[in-house]
Amino acid sequence: MESEIPSHARTKAVFFDAAGTLIKPARRVGESYAAIAAKYGKAVTPAALFERFRICFDGAPPLAFPGAAPEEIKALERQWWKRLVAQVFEPWGEFASFDDYFDELFAYFARPDAWLLYPEVVETLAALKQRGLILAVISNFDSRLLRILDGLNVGASFEHIFVSSAVGYAKPQARIFDLALTRFGLTPGQALHIGDSESNDLQGARNAGVRVLLVDRDLAAGAAPPDRVQSLRQILDHLD
């Protein structure tokens, strides 16, 4: 059951999703998968790989490892992604150099230059910081996200970066939002979450009683419903 958010609650923190909200791949996922695969003798079109990736990613178990010791997390993250990528390539038969391919692919997506910030991110974060708001990231990602955000020069903008693999819970579970609220001593009504996923961000935040705005950059001008924005710049219009 969704928690009721008091209309008078003052926003003290803004939480952000990462991929699709703050950052995006520098080139399309299918293109990266295909280009690196070609180096290892596997020829598959970018479009076919992207479609297969989307299916496998949507059906994968949560990128979270409840109860795992901190020193185990990075190995578990790698295993999770290796199983997923192996599944992506299953329709195309044996991939003799898969281990070497995966090593390069995993390292590539850890590089900050494999990602781009959306154009309005830096100015929006600065404007929110000027207002004295707590900023944090809540993402279904792995430990590589910290290096990526630091390399893109925005990591220091956030009080904390909550990645599902490390905290043991993934959106849309309310628990990952609860952890962020507890860390900053906030009630659900004092936080606003920004994301791009209907299931993970919109429903996840609502599960925790947190107000949410969904970023949909494809919306026609002037067509945004009350819980949607076309740009992160519009967050400022939704603060009390």
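Student: Let us begin with α1 and α4. Which residues in α4 meet α1?
Tutor: Keep in mind that this is a predicted model. On the α1 side, the residues in contact are S32, Y33, I36, A37 and K39. Their partners in α4 are Y101, E104, L105 and Y108.

Student: By class, how many nonpolar residues does the contact of α1 with α4 have?
Tutor: Let us set the other classes aside before we get there. The contact has one polar and two charged residues. The nonpolar count is six.

Student: At what angle do α1 and α4 pack?
Tutor: Helix α1 covers residues 29–39, and its axis is 10 Å from that of α4. Their crossing is right-handed. The packing angle of α1 and α4 is about 145 degrees.

Student: How are α3 and α4 placed relative to each other, and what is the word for it?
Tutor: Helix α3 spans residues 73–89 and helix α4 spans residues 98–108, and their axes come within 11 Å. These axes cross at roughly 120 degrees. An angle of 65 to 115 degrees would count as roughly perpendicular, and one over 145 as roughly antiparallel. The orientation of α3 and α4 is therefore oblique.

Student: Which residues in α4 meet α3, and how many charged residues does the contact have by class?
Tutor: From α3 come R78, W81, K82, V85, A86 and F89, and they meet F98, D99, Y101, F102, D103, L105 and F106 in α4. By class, the contact of α3 with α4 has nine nonpolar and no polar residues. The charged residues number four.

Student: Does α2 pair with α3 in a right-handed or a left-handed crossing?
Tutor: The axes of α2 and α3 are 9 Å apart, at an angle of about 130 degrees. These two helices are therefore oblique to each other. The crossing in which α2 passes α3 is right-handed.

Student: Which residues of α3 make the contact with α2?
Tutor: On the α2 side we find L49, R52, F53, C56 and F57. By class, the contact has nine nonpolar, one polar and one charged residues. The α3 side consists of W80, W81, L84, Q87, V88 and F89.

Student: About how many helical turns separate R54 and D58?
Tutor: The side chains of R54 and D58 meet in a salt bridge, at 3.7 Å from N to O. Both sit in helix α2, residues 46–59, and they are four residues apart. Their separation is therefore about one helical turn.

Student: Where is the proline that a cis peptide bond joins to K171?
Tutor: That proline is P172, and omega of the bond is about 15 degrees. P172 lies in the loop between α7 (164–167) and α8 (174–184).

Student: What is phi of N153 near?
Tutor: N153 has its place in the loop between α6 (144–151) and β5 (160–163). Its phi is positive, in a residue other than glycine. The value is near 65 degrees.

How values were computed. Residues are numbered from 1 along each chain as its sequence is written. This is a predicted model: local features need pLDDT of at least 70, side-chain atom pairs count only at pLDDT 80 or more; totals for chains, interfaces and linings use all residues. Side-chain values use heavy atoms; hydrogens and water are left out. Axes are lines fitted to C-alpha atoms, for helices over the stretch in contact, and angles run from 0 to 180 degrees between N-to-C directions. Angles under 35 degrees count as roughly parallel, over 145 as roughly antiparallel, 65 to 115 as roughly perpendicular and the rest as oblique. Contact means heavy atoms within 4.5 Å. Ala, Val, Leu, Ile, Met, Phe, Trp, Tyr, Cys and Pro count as nonpolar, Asp, Glu, Lys and Arg as charged, and the others, Gly among them, as polar. A salt bridge is a side-chain nitrogen of Lys or Arg within 4 Å of a carboxyl oxygen of Asp or Glu. A crossing is left-handed if the near helix is turned anticlockwise from the far one by less than a right angle, and right-handed if clockwise.
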